[in-house]
Amino acid sequence: MQLTFTTAFDVSKFLSTIFYYPAFAVKTQAGAMECMLTARVGEDYVFFSMVSNRSIFFCSDKKGDKTTFSCADINLADSVNNLRNYSNDLSHVATQVLGGFTTKTNFRHFHLPANTRWLNYSCNTEKIASYMKENASNYEAIANQTNAIIPSSESLNQFRTVVKTALQHSGNEGTKAEHYDTIAKKSLVNCFNSSKQIKNIPLKETQRHMLCKDLVIWGYANIDAPLSLEIAIEQLHTTRASLSQGCKETMGIGPMEILRYIRLEHVHKALTSSEIRKQLNLHKVEEIRKHYSFMSRGNFAGTYKTYFEESPKKTLMKSENN
């Protein structure tokens with residue numbers, strides 16, 4: 001399947017569907033978004049590719065019966081500076097890393113930079129663990145201490161090729177999906193049994209980075225609550241300094257911006273969907289603005305236009321004309 005998304009809200013819904021587990025996303029750059037996603041979903045596995053013209057932050061709790069391997073696909077000649085990893089923060093480990101399989105945390109989060117393709121393979125944990133144990137003796141040790149490794153360029157490129165090839169043939173009913181599932185596992189063995197010395201990137205997760213994920217999930221769950229940083233801080237049992245530092249290190253923006261961006265996406269969905277407006281009994285821009293706790297009319301209109309590159313009134317008019 002091939003899909004295009006214009007909001008991180010819709011990306012969240014789709015990822016939750018294919019992984020059968022709640023996922024959350026926040027677009028962290030202003031401007032209209034075009035996110036292209038290609039997926040191939042089987043009984044025990046998922047292949048998918050995603051690229052967006054705007055950076056997106058993703059987070060979710062980790063589902064125990066699935067193990068995920070991912071990497072970025074950009075110009076391989078680019079150097080990677082400052083190799084550090086906040087649980088799959090691809091903005092820091094982009095080209096040289098295969099990651100996402102750590103057993104150390106019960107959640108995942110990472111920041112996908114704009115115009116960087118994210119390649120992903122997820123499979124049944126029991127099956128991949130059994131396969132890797134038989135074919136890659138150091139898999140379990142690495143998975144228990146880190147959430148990213150730097151394999152050889154050749155083996156990492158092989159993994160990229162497998163994922164992209166499986167997706168290219170996703171519409172071919174005559175192609176057996178299990179074939180690609182097996183090849184993907186073999187390519188992972190090569191990543192773990194590289195001819196070069198495998199370099200682990202140690203887990204550097206801290207409490208303040210966990211708070212960033214918690215804030216996003218809280219923002220989604222409390223979309224109708226007053227737009228207040230004080231309330232969020234109280235609910236998350238933290239301090240303003242810890243939350244602000246964690247958000248800026250992980251997402252590059254402050255906590256209030258994160259909450260506003262989540263609200264703006266919900267506003268956009270209401271403005272574009274007559275069904276949502278009917279459910280909420282809200283029919284005008286002003287009513288929708290107040291419902292999502294944007295108190296200043298002028299600031300709201302300007303912020304919305306910056307984030308979506310059109311006025312809220314224009315969004316509503318396009319919906320009404322369709």
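Is Cys-247 buried or exposed? In this predicted model, Cys-247 has a relative accessible area of 0% and is therefore buried.

**Overall architecture**

The protein contains 14 helices and eleven strands. It has 322 residues, of which 53% count as buried. Among contacts with a separation of 6 or more, 75% are between residues 24 or more positions apart. The accessible surface amounts to about 14,900 Å², and carbon and sulfur atoms hold 48% of that area.

**Cysteines and accessibility**

No disulfides are present, the count being zero. For Cys-247, the closest cysteine sulfur belongs to Cys-212, at 4.0 Å from its own sulfur, which is too far for a bond. The reasoning rests on the cut-off, because a disulfide requires two cysteine sulfur atoms within 2.5 Å. Cys-123 is likewise assigned by its accessibility: its value of 1% makes it buried. The assignments follow from two limits, since buried means under 20% relative accessible area and exposed means over 50%.

| Residue | Relative accessible area | Class |
|---|---|---|
| Cys-247 | 0% | buried |
| Cys-123 | 1% | buried |
| Tyr-20 | 57% | exposed |

**Nonpolar cores**

The largest nonpolar core comprises 39 residues, and those touching the most other members are Leu-215, Val-216, Leu-243, Met-251, Ile-258, Leu-264 and Val-267. At least two residues of this core come from each of strands E2 and E5 (56-61) and from each of helices H7 (207-221), H8 (229-236), H9 (240-250), H10 (255-272), H12 (285-291) and H13 (297-308). Helix H10 makes the greatest contribution to this core, with nine residues.

Leaving aside residues up to four places away in sequence, Ile-258 touches Cys-212, Leu-215, Val-216, Cys-247, Met-251 and Ile-253. Both cysteines of the 4.0 Å sulfur pair, Cys-247 and Cys-212, are thus among the contacts of Ile-258. Another core, of 27 residues, lies apart from the largest one and includes Phe-69, Met-132, Leu-167 and Ala-184.

**A nonpolar surface patch**

Which residues form a nonpolar patch on the surface? Met-1, Leu-3, Tyr-20 and Val-41 do, and together they have about 370 Å² of accessible area. Within this group, Tyr-20 occupies the loop that links helix H1 (8-19) to strand E2 (23-27). Tyr-20 counts as exposed because its relative accessibility is 57%.

How values were computed. Residues are numbered from 1 along each chain as its sequence is written. This is a predicted model: local features need pLDDT of at least 70, side-chain atom pairs count only at pLDDT 80 or more; totals for chains, interfaces and linings use all residues. Side-chain values use heavy atoms; hydrogens and water are left out. Buried means under 20% relative accessible area, exposed over 50%, partly exposed in between (1.4 Å probe, protein chains only). Patches are made of residues with over 30% relative accessible area and no salt bridge: like charges are joined within 9 Å, nonpolar side chains (Val, Leu, Ile, Met, Phe, Trp, Tyr) within 5 Å. Accessible areas come from the Shrake-Rupley method with a 1.4 Å probe; for residues, only the protein chains shown count as cover. A salt bridge is a side-chain nitrogen of Lys or Arg within 4 Å of a carboxyl oxygen of Asp or Glu. Helices (H or I, at least four residues) and strands (E, at least two) are DSSP runs, numbered from the N terminus. A nonpolar core is a set of buried Ala, Val, Leu, Ile, Met, Phe, Trp, Tyr and Cys residues joined through side-chain atoms within 4.5 Å. Contact means heavy atoms within 4.5 Å.
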